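Let's take a walk through this structure together. Have a look at the picture below, and then read on.

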Amino acid sequence: MVRGKALAHCGLVLLSLWLCIQSVPISMDKTKEIPHEELEPPQSADTGLHYDRYLREVIEYLEKDPHFKEKLKNANMDDIKLGKLSKELDFVHHNFRTKLDELKREEMNRLRMLIKVKQDIQGGNGRTVDHHALLKQFEHLNHLNPETFEVEDLDRLIKSATNDLENYDKDRHDEFKRYEMMKEHDRRERLKNMNEEDRKKEQQHYEEMRKKHASHPKVNHPGSQDQLKEVWQEADGMDPEDFDPKTFFKMHDSNGDGFFDESELEALFTKELEKVYNPENEEDDMIEMEEERLRMREHVMNEVDTNKDRLVSMSEFIAATKKQEFLEKDEWETLDQNPFYTEEELREYEQQLVHEENDINKKSAELQKQREELQRKEEELNAQKFGLQQAVAEIERLKAQSSIAEVKESGVPTANSESQPVVPGNNQPLPPAHQQQDVPVPGHS
């Protein structure tokens with residue numbers, strides 16, 4: 001999520017684009033500065049974008065170039081949206097351009113790996129690969145030129161970050177809505193598989209938990225006088241009768257940049273959220289608590305952030321405390337008082353789940369069929385292999401018999417013939433011409 005420190009860290013770069021990654025400059029009384037002492041800049045926070053690291057590193061190196069940094073200071077929203085700021089990249093020092101080239105190549109490699117993993121996962125789960133969605137992963141850079149960081153890359157990065165951050169909260173709400181529908185769907189499926197008695201007990205327990213969750217102290221309207229005074233008293237240890245908006249703002253501007261960013265603003269709602277949610281309670285869902293925090297922050301931003309830069313300046317804050325809405329006494333309606341979805345939306349979601357399950361089952365059946373076909377082919381190949389081995393063995397046997405027959409016909413003794421005479425000291429039999437002949441002995445007939 002776009003937190004304040006992510007927004008505050010780039011006031012120099014994209015304040016007008018609601019993407020601030022460096023502290024917004026603050027006017028200071030130079031006479032009160034402490035010599036040789038520099039304040040550490042606030043640490044950047046994750047914007048929630050999948051290319052957050054690439055975005056921050058690009059801005060970091062651009063800010064190191066004196067010419068580009070000066071242009072950033074004087075840039076306005078129109079200049080940035082029209083791409084005038086991006087064109088200044090041509091004047092960035094060669095060393096920084098070289099580093100930007102390296103960053104882009106690293107990002108391209110990361111995206112290639114990411115897309116391959118997503119394709120493998122989707123294909124393995126039997127889901128159709130959404131190639132359009134995969135290509136959207138590259139929208140923040142020019143993937144047709146994977147080697148060098150050019151003006152078009154900076155232009156795309158700024159436009160993508162602006163658009164993605166504007167839609168980020170909406171995406172979070174949609175994700176939460178799907179979470180709640182899935183939770184209810186699973187609960188109803190469990191009930192279907194229970195007998196009547198267990199079903200009644202489970203439903204009774206469910207209603208008891210709902211009532212217990214809904215039973216909590218009054219939740220003050222976010223940004224109202226009562227809500228801020230409660231923080232002033234309980235968190236700050238101050239007398240509520242001495243509440244001073246300017247002092248309150250300075251106390252809770254944790255990085256001292258003169259603005260409330262989104263994380264600093266959300267921190268003010270902790271006391272109200274603790275009235276409703278406790279992580280140790282079975283009936284309290286911490287995912288719902290974060291959605292409640294998001295709703296509170298959006299409500300205050302809509303009322304206080306008049307220039308829509310996703311930051312609340314001190315002047316905006318002071319002006320808001322003078323409005324009639326600041327005296328709001330009505331209790332804030334929590335999520336349990338506002339349905340997340342309609343029954344029709346739940347039915348559509350369940351139909352979607354059925355379609356996905358059918359697709360998975362169909363794919364699973366196809367894979368099983370392919371597996372059986374592969375096993376059948378493997379068995380055929382093994383049978384053919386065995387047959388070939390037998391044929392080779394038979395051929396070798398016939399060849400051996402044929403060789404023996406040829407030897408016999410030629411008169412050449414075989415290995416099985418009668419033992420041949422051997423010359424002493426030599427294991428080889430004598431040739432026939434040299435073998436001893438039967439010579440008649442005189443005096444014998």
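What follows goes from the whole chain to its aromatic rings and then to its charged side chains.

A word on the ground rules: this is a predicted model, in which local features need pLDDT of at least 70, side-chain atom pairs count only at pLDDT 80 or more, and totals for chains, interfaces and linings use all residues. Residues are numbered from 1 along each chain as its sequence is written, and side-chain values use heavy atoms, with hydrogens and water left out.

Start with the overall picture. The chain has 17 helices and four strands; these are DSSP runs numbered from the N terminus, with helices (H or I) of at least four residues and strands (E) of at least two. Of the 445 residues in the chain, 32% are buried. Buried here means under 20% relative accessible area, exposed means over 50%, and partly exposed is in between (1.4 Å probe, protein chains only). Now take the contacts (heavy atoms within 4.5 Å) between residues at least 6 apart in sequence: 66% of them join residues at least 24 apart.

On to the rings. A pair of aromatic rings is described by the distance of the centres and the angle of the planes. Rings of Phe, Tyr and Trp (its six-membered ring) pair if their centres lie within 6.5 Å; planes under 30 degrees apart are stacked, over 60 edge-to-face, and the rest tilted. The whole structure has nine aromatic pairs. One of them is Trp232 with Phe243, an edge-to-face pair at 5.4 Å centre to centre, with 80° between the planes. Trp232 is in helix H11 (residues 225-234), while Phe243 is 11 residues away, in the loop between H11 and helix H12 (245-252). Trp232 counts as buried because its relative accessibility is 1%, and Phe243 is buried too, at 14%.

Another pair, Phe249 and Phe317, is tilted: 5.6 Å centre to centre and 45° between the planes. Phe249 is buried at 1% relative accessible area, and Phe317 is buried at 7%. Both pairs belong to one aromatic cluster, made up of Trp232, Phe243, Phe248, Phe249, Phe260 and Phe317.

Last, the charges. There are 34 salt bridges, each a side-chain nitrogen of Lys or Arg within 4 Å of a carboxyl oxygen of Asp or Glu. Arg53 and Glu57 make one of them, at 3.2 Å from N to O. These two are four residues apart in helix H3 (residues 52-63), about one turn of the helix. Arg53 is exposed at 61% relative accessibility, whereas Glu57 is partly exposed at 21%.

Which parts does the salt bridge between Glu345 and Lys177 tie together? Their closest N and O atoms are 2.6 Å apart. Glu345 lies in helix H17 (residues 343-410) and Lys177 in helix H9 (residues 151-192), so the bridge ties together parts 168 residues apart in sequence. Glu345 is partly exposed at 27%, as is Lys177 at 23%.
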